[in-house]
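Please look at the sequence and the structure below. The paragraphs that follow start with the sheet, then turn to the core and to a few single residues.

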Amino acid sequence: MKEIYDKIQDINIILKRSFIDLGKPLAYQEVVEKSAKVLESSLFIIDTKRNCLGYGFTDSDNSYQDDINLQNFFIYQKISKDISSQLLNHYEMSASLPMAQSILEPVKEISSKFPNKFLSFLPIEGNHLRLGTLFLLTDSPPMSLS
């Protein structure tokens, strides 16, 4: 529990030290890249319109940083409407599952790149509105918050 708390504190410090111009859209890509290193997991954020807002990889996953096909998927493609509908019906953090048993298994651009990872996802909400979904890809199931 303390380890998770410390990581959340580290992310808060990064966000506080980052200059954010409230007149411009949030730089999700930068936030996600920094958060991936702190959380020691690969992660990405999808909005409710199925667009990827940002993606980041741990230092140990640096081979993905140079993968042009994966970058193109995150930048130019969307997850299916069916998967998006399923995601939007989740209101709490999912259990961590092996990729082959996860909601993203049908998304071959992701499941084929991360076959040995565990996937968890967390709804992102603000002002009582669903803004998107955060996906965490880890080497092992993360510790529970309880």
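Five strands form an open sheet in the order S2-S1-S5-S4-S3, with antiparallel pairing. Helices (H or I, at least four residues) and strands (E, at least two) are DSSP runs, numbered from the N terminus, and two strands pair if DSSP finds at least two bridges between them. S2 and S3 are the edge strands, each pairing on one side only. The antiparallel strands S3 and S4 are joined by 2 bridges, and Leu97 stands opposite Leu119 in S4. Helix H2 packs on the sheet and touches S1, S2 and S5; contact here means heavy atoms within 4.5 Å. The direction of H2 makes about 35° with that of S2, where axes are lines fitted to C-alpha atoms, for helices over the stretch in contact, and angles run from 0 to 180 degrees between N-to-C directions.

The model is a predicted one, in which local features need pLDDT of at least 70 and side-chain atom pairs count only at pLDDT 80 or more, while totals for chains, interfaces and linings use all residues. Residues are numbered from 1 along each chain as its sequence is written, and side-chain values use heavy atoms, with hydrogens and water left out.

Next comes the interior. In soluble globular proteins, nonpolar side chains tend to be buried together. A nonpolar core is a set of buried Ala, Val, Leu, Ile, Met, Phe, Trp, Tyr and Cys residues joined through side-chain atoms within 4.5 Å. Buried means under 20% relative accessible area, exposed over 50%, and partly exposed in between (1.4 Å probe, protein chains only). The largest nonpolar core has 22 residues, and those with the most contacts inside it are Phe44, Phe74, Leu104, Ile110, Phe114 and Phe135. S1, S2, H4 (68-76), H5 (81-88), S4 (118-126) and S5 (129-138) each give two or more residues to this core. H4 provides the largest share, 3 residues. A second, separate core of 6 residues includes Val32, Ile45, Leu134 and Leu136. Beyond four places in sequence, Phe44 touches residues including Val32, Tyr55, Phe74, Leu104, Ile110 and Phe135.

Which part of the chain holds Met99? Met99 is in the loop between strand S3 (97-98) and helix H6 (108-111). Met99 counts as buried because its relative accessible area is 1%. Among the residues that Met99 touches, beyond four places in sequence, are Leu104, Ile110, Phe114 and Leu137. Met99 and Leu137 are 38 residues apart in sequence, and their C-alpha atoms are 8.6 Å apart in space.

Thr138 is found in strand S5. Thr138 counts as buried because its relative accessibility is 13%. A polar atom of the Thr138 side chain lies 2.6 Å from the backbone oxygen of Ser140. Leaving aside neighbours within four places in sequence, Thr138 is in contact with Ser41, Ser96, Lys117 and Phe118.

Most residues other than glycine have a negative phi. Glu40, which is not a glycine, has a positive phi of about 55°, and lies in the loop between H2 (28-39) and S1 (42-47). Arg50, also not a glycine, has a positive phi near 75°, and lies in the loop between S1 and S2 (52-56). Are these two residues buried or exposed? Glu40 counts as exposed because its relative accessibility is 55%. Arg50 counts as buried because its relative accessibility is 19%.

Terms used
Polar contact = N/O pair within 3.5 Å; in protein donor to acceptor, adjacent residues only side chain to side chain.
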